[in-house]
Amino acid sequence: QVQVVESGGDLVQAGGSLRLSCIASGLRVDEYYMGWFRRAPGKEREGVACIHESGRRFYYADSVDGRFTISRDDDKNTLYLQMDSLKPEETAMYYCAASRWTEYYNGVRCPESSTAYWGQGTQVTVSS
């Protein structure tokens, strides 16, 4: 059974940092296109940061480029998202996804939603 499980969400002040983790089981993170998405209340799901299965190509939304870093630890079969200089408008549920196929979300190449394995999400709240 394939599972991806997110953790690391929390309440943080604006300008603060968080690191999200996504532990995969039943699949290898180095064999799938992996990515982080978020959905804020009343808004559509947004691709935030995604990584090619080779581990050598990275894709970021313009709004997070330079502040967020996606990475993975193949030995731990875990995907990470380091988020720095967080802003209140980035309050959202953050999701991890894995797929062998890709599509574009708001200009970011990320796992294809219809074929992806999705986690339950982890809540990030940024206070002003």
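**View A: Ser 85 in its loop**. Ser 85 counts as partly exposed, with a relative accessible area of 38%; the labels here run buried for under 20%, exposed for over 50% and partly exposed in between, with a 1.4 Å probe and protein chains only. What you're looking at is a predicted model, where local features need pLDDT of at least 70, side-chain atom pairs count only at pLDDT 80 or more, and totals for chains, interfaces and linings use all residues. Residues are numbered from 1 along each chain as its sequence is written, and side-chain values use heavy atoms, with hydrogens and water left out. Ser 85 sits in the loop between E8 and E9; strands are DSSP runs of E with at least two residues, helices are runs of H or I with at least four, and both are numbered from the N terminus. The thing to check is the backbone: phi is positive at Ser 85, about 50°, although this residue is not a glycine. Most residues other than glycine have a negative phi.

**View B: Asn 106, another non-glycine with positive phi**. Here phi comes to about 35°. Asn 106 belongs to the loop between strand E10 (102-105) and strand E11 (108-111). Its relative accessibility is 46%, so Asn 106 counts as partly exposed.

**View C: Arg 38 and its salt-bridge partners**. A salt bridge means a side-chain nitrogen of Lys or Arg within 4 Å of a carboxyl oxygen of Asp or Glu. Arg 38 is buried at 7% relative accessibility, while Glu 46 is partly exposed at 22%. Their side chains form a salt bridge with an N to O distance of 2.8 Å. Arg 38 also pairs with Glu 90, this time at 3.4 Å, N to O. Arg 38 is in strand E4 (residues 33-39) and Glu 90 in the loop between strand E8 (78-83) and strand E9 (92-99), so this pair ties together parts that are 52 residues apart in sequence. Glu 90 is buried, at 2% relative accessibility. Follow the shared partners and you get one network of Arg 38, Glu 46, Arg 67 and Glu 90.

**View D: the Asp 30 and Arg 28 pair**. This salt bridge has an N to O distance of 3.5 Å. Both ends are partly exposed: Asp 30 has 27% relative accessibility, and Arg 28 has 32%. The structure holds 5 salt bridges.

**View E: zooming out to the chain.** Along the principal axes, the C-alpha atoms fill a box of roughly 40 × 30 × 25 Å. Of the 128 residues, 43% count as buried. Contacts (heavy atoms within 4.5 Å) can be sorted by sequence separation: among those between residues at least 6 apart, 58% join residues at least 24 apart.
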